[in-house]
Amino acid sequence: MRWLVLALLCLQLGEGIVRIPLKKSKSVGELMREKGVPEGVLKGLKRDPGRKYQFSNAVTYETLTNYLNSFYFGEISIGTPPQNFLVIFDTGSSNLWVPSTYCQAPACVNHNRFNSSQSSTFSDIGETYTLAYGFGDVSVVLGYDTVTIQNIVVRNQEFGLTLNEPSSPFYYLDFDGILGMAYPAIAISGYNTLIQNMMQQSQLTESVFSFYFSRNPTYDYGGEVILGGIAPQLYSGEITWAPVVEEVYWKIGIEEFAIGSSATGWCSQGCHGIVDTGTFLLTIPGQYMSAFLQALGVEESQEGYVVNCNYVQSMPSLSFVISGTQLVLPPSVYVLNVSNNGVCTVAVESTYVSSSSGQPLWILGNIFLRQYYSIFDIANNRVGFALSA
């Protein structure tokens with residue numbers, strides 16, 4: 001089995017199509033607790049996950065609440081010769097940034113740092129920019145260099161080199177930086193995103209990328225991101241396509257949400273869902289959270305939304321109707337057994353941020369995407385879902 005997994009990770013689908021293995025880390029909460037960080041600090045990091053999708057021309061808001069749970073990351077290289085970094089491939093943001101030697105903060109020193117003086121292809125832009133988080137800002141200076149992802153090589157790619165990072169929680173994170181894969185509308189103005197340059201420099205066979213998240217992830221293999229196409233062996237059945245309703249995020253329409261066999265009617269006037277590989281949990285509109293928990297018989301505690309593990313098999317499935325197709329999440333997918341005390345956690349959180357046009361907003365994160373292989377079709381502005389293999 002080990003050799004089979006290794007062969008799968010190394011398999012190239014063809015020129016211009018690459019499969020990048022994703023590792024799955026412990027949650028940041030677990031990592032911080034292992035380092036003796038007080039619970040009060042962890043609670044202070046909590047923010048409304050919907051804040052990630054609010055932005056202005058001056059500052060980009062990318063709340064790390066989404067990364068405080070478990071997360072998935074893969075390797076890229078920047079510079080000549082290449083310097084390696086572990087990044088989150090994040091469909092909920094659009095910028096690329098990594099720690100740099102310009103930054104002497106502990107959070108930077110504890111990670112791989114880009115050294116511009118050691119790259120013959122680096123050129124300085126000099127413009128500074130701020131990534132605003134709820135608990136502190138990450139400041140970056142912009143530069144150009146070559147970005148390599150396996151056999152994909154993108155030249156003169158703009159990216160952010162950190163100047164400063166707050167220690168909490170960045171010091172504790174297993175990944176180095178973030179590679180945004182959303183639309184250019186939320187990227188730093190005046191520069192191409194990495195995905196744009198991949199297409200303009202003919203590095204992709206098709207203007208498509210896709211994600212597979214394993215239902216039984218390990219640190220060494222949590223899933224894959226496929227650039228330039230799809231991997232049919234990683235899903236089964238038909239693909240359900242949903243048009244993007246706003247070319248900012250990978251935002252789609254949700255027509256109905258059901259708990260068990262009962263339609264809730266919460267989306268009778270229309271809901272929106274952002275398909276976000278940088279968010280772990282399933283995020284529910286805040287106005288429905290109380291009714292949702294009551295319907296599931298779930299209690300809130302310091303550990304989150306908990307339920308007796310013995311009851312999980314009898315819990316209802318959750319269903320989203322998207323483009324007329326019912327996409328079902330069984331309790332085995334949305335309930336996690338993360339402790340040994342017989343208490344399971346329902347992998348949800350709430351947001352009080354609405355879609356820009358007023359509809360209730362859902363965030364379809366890794367929990368949803370473990371069940372459904374996801375395809376991001378840039379050329380046709382649509383997202384596809386198929387049952388994961």
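**View 1. An open sheet of four strands, S18-S19-S23-S22.** Two strands are said to pair if DSSP finds at least two bridges between them. In this predicted model, 4 strands form an open sheet in the order S18-S19-S23-S22, and their pairing is antiparallel. The edges of this sheet are strand S18 (299-301) and strand S22 (335-336), each of which pairs on one side only. Strand S18 runs antiparallel to strand S19 (residues 304-308), to which 3 bridges join S18. A close-up of this pair shows serine 301, whose bridge partner in S19 is glycine 304.

**View 2. A second open sheet, with the strand order S15-S14-S20-S21.** This sheet is also open, has 4 strands and is paired in the antiparallel sense. Strand S15 (262-263) and strand S21 (325-329) stand at its edges, and because each has a single partner strand, one side of each is left without a neighbour in the sheet. Strand S20 (residues 318-322) pairs with S21 over 5 bridges, again antiparallel, and within this pair leucine 318 stands opposite leucine 329 of S21. In general, the strands of a sheet pair through backbone hydrogen bonds, whether parallel or antiparallel.

**View 3. The two aspartates annotated as "active site".** An unreviewed UniProt entry carries the annotation "active site" for Asp90 and Asp276. These residues span 187 residues in sequence, yet no two of their C-alpha atoms are more than 6.7 Å apart, so they gather at one spot. Aspartate 90 belongs to strand S4 (residues 83-90), whereas aspartate 276 sits in the loop between strand S16 (271-275) and strand S17 (282-285). Buried means under 20% relative accessible area; aspartate 90, at 0% relative accessibility, therefore counts as buried, and aspartate 276, also at 0%, counts as buried. The side chain of aspartate 276 makes a polar contact of 2.9 Å with the side chain of threonine 279.

**View 4. Phenylalanine 89 and the nonpolar cores.** The largest nonpolar core has 87 residues, of which Phe89, Leu227, Phe292 and Val346 touch the most other members. When its neighbours within four places in sequence are left aside, phenylalanine 89 is in contact with Ile20, Leu22, Gly74, Glu75, Ile76, Ile149, Leu179, Met181, Phe211, Val225 and Thr277.

**View 5. Glutamine 359 in its loop.** Glutamine 359 is found in the loop that lies between strand S24 (348-351) and strand S25 (361-364). The side chains of glutamine 359 and serine 357 are joined by a polar contact of 2.5 Å. Leaving aside the neighbours within four places in sequence, glutamine 359 is also in contact with Gln269, Gly270, Cys271, His272 and Ser354.

View 6. The chain contains 9 helices and 27 strands, and buried residues make up 57% of its 389 residues. Among its contacts with a separation of 6 or more, 70% are between residues 24 or more positions apart. The accessible surface of the chain comes to about 15600 Å², and 49% of that surface belongs to carbon and sulfur atoms.

Notes: Residues numbered from 1 in each chain as written. Predicted model: local features only at pLDDT ≥ 70, side-chain atom pairs only at ≥ 80, totals over all residues. Heavy atoms only, no water. UniProt positions renumbered as here; feature names shortened; annotations may be inferred. Helix = DSSP H or I, 4+ residues; strand = E, 2+ residues; numbered from the N terminus. Buried < 20%, exposed > 50% of the residue type's maximum accessible area, 1.4 Å probe, protein only. Polar contact = N/O pair within 3.5 Å; in protein donor to acceptor, adjacent residues only side chain to side chain. Core = buried A, V, L, I, M, F, W, Y, C linked by side-chain atoms within 4.5 Å. Contact = heavy atoms within 4.5 Å. Areas by Shrake-Rupley, 256 points an atom, 1.4 Å probe, with all protein chains shown as cover.
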